[in-house]
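Please take the sequence and the model shown here together.

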Amino acid sequence: MRHSELFTKTRREAPKGEVSKNAELLIRAGFINKEMAGVYSYLPLGLRVLNNVQNIIRKEMNGIGGQELLLTTLQDPEVWKKSGRWDDQVVDVWFKTTLASQSEIGLATTHEEPLTFALKNHIRSHKDLPFSVYQFQTKFRNELRAKSGLLRAREFIMKDLYSFSKNEEEHETFYEKAKEAYIRIFDRVGIGEQTYFTFASGGSFSKYSHEFQTVTSAGEDIIYVSKEKGIAINKEVYKDEVLKDLGVSKEELTEEKAVEVGNIFPLGTKFSDALGLMYKSENGEEKPTVMGSYGIGPGRLMGTVVEILSDEKGIVWPKNISPFDVHLLSLPGGIEEAEKLYEEIVASGKEVLFDDRDVSPGEKFADSDLIGIPNRIIVSEKTLAQGKIELVDRGSGEVKMVDKAEVGSALV
RNA sequence: CGGGGUGUAGCAUAGUGGUAGUGUACUCGGUUUGGGACCGAGCGGUCCGGGUUCGAUUCCCGGCACCCCGACCA
């Protein structure tokens, strides 16, 4: 698209009272708009990134057999009372409101209850199992303190997948597949190297739950990382017994701050028992399904990428989630040639942001650094004099002069 | 929820018990064009409520909002 038609503007100054790097840069570059504390809108550039992140997750979830659906935000208290989680003493982050009839309803904080309840209309037999479903859905959590930009919001999109199995063994098989899919997701969005499979407290169904923790100073969790084994232990279960269990020693662990970018945990039969999601086994017994839950917050993930991969000039997007593949800049003397090149790149199927504005070169460079598209192409009098165009890698700063015909193959 | 801090123009900031200043952005005119160009002119502002006072953006009380630390994060 043409930058001249993009309605968002970049800002030179950081927004007042916003110290978190992800919020500062994403607001300055025009990716998101802050509505209130912990509530952010996605503007065109931000939505492109969010969609890219979601599509990576979607492909991986489909790859392990997940079936996408969309549950509702409005929640019926009766369903939640069955599991005991309507009570504010039990779940203290509810947003609750009332219908015109004065009956109380809630805004979803998560979806175990409604999904489990809805599935009763469809699941009867061992032949229906196993399967898994997932959604990208808005969650509302009345956090006492929203903070750190996209990292801890009151309204946010979550990908939540739920698995339903006949027994523990079947559950384990799926759990392992989901774990592998999660590892691929974090690799593909560009933070695989900093992200550790982390052991955390498991609640009442299993010894551990598992988190995917990305090491960054912006994190609010403390984890103990074994680089050697590629795993980590959440501070909440950092005990001698656990170390022994996992076969790690204190000497090999380093303490790090980290962001929880994903978590997977066994639910056992807690919700199937509470809501009555039963199936008939082969010998006719009535049995509760064995469930698991698997979450990733795409917005939080996007914020985490910015925390880790940005530099002093702005954001550096990994190519898989960048809002565009190419940032084309026309400078004086190269306007006509840039127009031609723009049409060619569009025709080739690449996503390109074309800075065709009549502003100074310095402003184009500064905006380009801030927005952070991995490939920058510059066409100017200078490049045309050499019969070439200039290609800059946003991440490394490396500059190449290439023939026009080679552009496609030279992109990162 | 406990503690601390901050609310001044679209954004970022200065200052003052007596007509509110700067940068940037925006509008107009002109000159510019490889790292946020320059000159001139212009538009635009004290979070809300109450109190003290001749007079409050400033002082006092209350509220609301935002940020930070802590607690919390099923």
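Predicted model: local features only at pLDDT ≥ 70, side-chain atom pairs only at ≥ 80, totals over all residues.

A residue counts as buried if 20 or more other C-beta atoms lie within 10 Å of its own, and as exposed if 12 or fewer do.

Strand β17, residues 326–330, is mostly covered, with 5 of its 5 residues buried. Both of its faces are covered: Val326, Leu328 and Ser330 are buried on one side, and His327 and Leu329 are buried on the other.

What lies beside this strand? Strands of a sheet pair through backbone hydrogen bonds, either parallel or antiparallel. β17 pairs with strand β18 (residues 352–355) in the parallel sense, over 4 bridges. One residue pair here is valine 326 with its bridge partner in β18, valine 352. β17 is also joined to strand β19 (residues 375–379) by 5 bridges, and these two strands run parallel. In that pairing leucine 328 stands opposite isoleucine 377 of β19. β19 in turn pairs with strand β20 (residues 389–393), in the antiparallel sense and over 4 bridges; arginine 376 stands opposite valine 392 in β20.

Put together, these strands belong to an open sheet of 5 strands with mixed pairing, in the order β18-β17-β19-β20-β21. β18 and β21 (399–402) each have a single partner strand and stand at the edges, so one side of each has no neighbour in the sheet. From one strand to the next the twist averages 20°.

Two helices cover part of this sheet. Helix α9 packs on the sheet, touching β17, β18 and β19, and its direction makes about 160° with that of β17. Helix α10 (residues 361–371) also touches β17, β18 and β19, with a direction about 175° from that of β17. α9, residues 335–347, forms a right-handed β-α-β unit with β17 and β18.

Elsewhere in the chain is helix α5, residues 168–188. The 21 residues of α5 reach 30 Å from first C-alpha to last, close to the 30 Å expected at 1.5 Å a residue. Its buried residues are His171, Phe174, Tyr175, Ala178, Ala181, Tyr182, Ile185 and Phe186. Seen down the axis of α5, the buried residues fall within an arc of 135°, so they line one face of the helix. Glu169 and Glu176, on the other side of α5, are exposed. Just after α5, glycine 190 takes a positive phi of about 100°.

Definitions and conventions. Residues numbered from 1 in each chain as written. Chains lettered and ligands numbered in written order. Expected span 1.5 Å × (residues − 1). Arc of directions from axis to C-beta. Pairing = 2+ DSSP bridges. Right-handed = clockwise from strand over helix to strand, strands pointing away. Axes fitted to C-alpha atoms, helices over the stretch in contact; angles between N-to-C directions. Contact = placed C-beta atoms within 7 Å.
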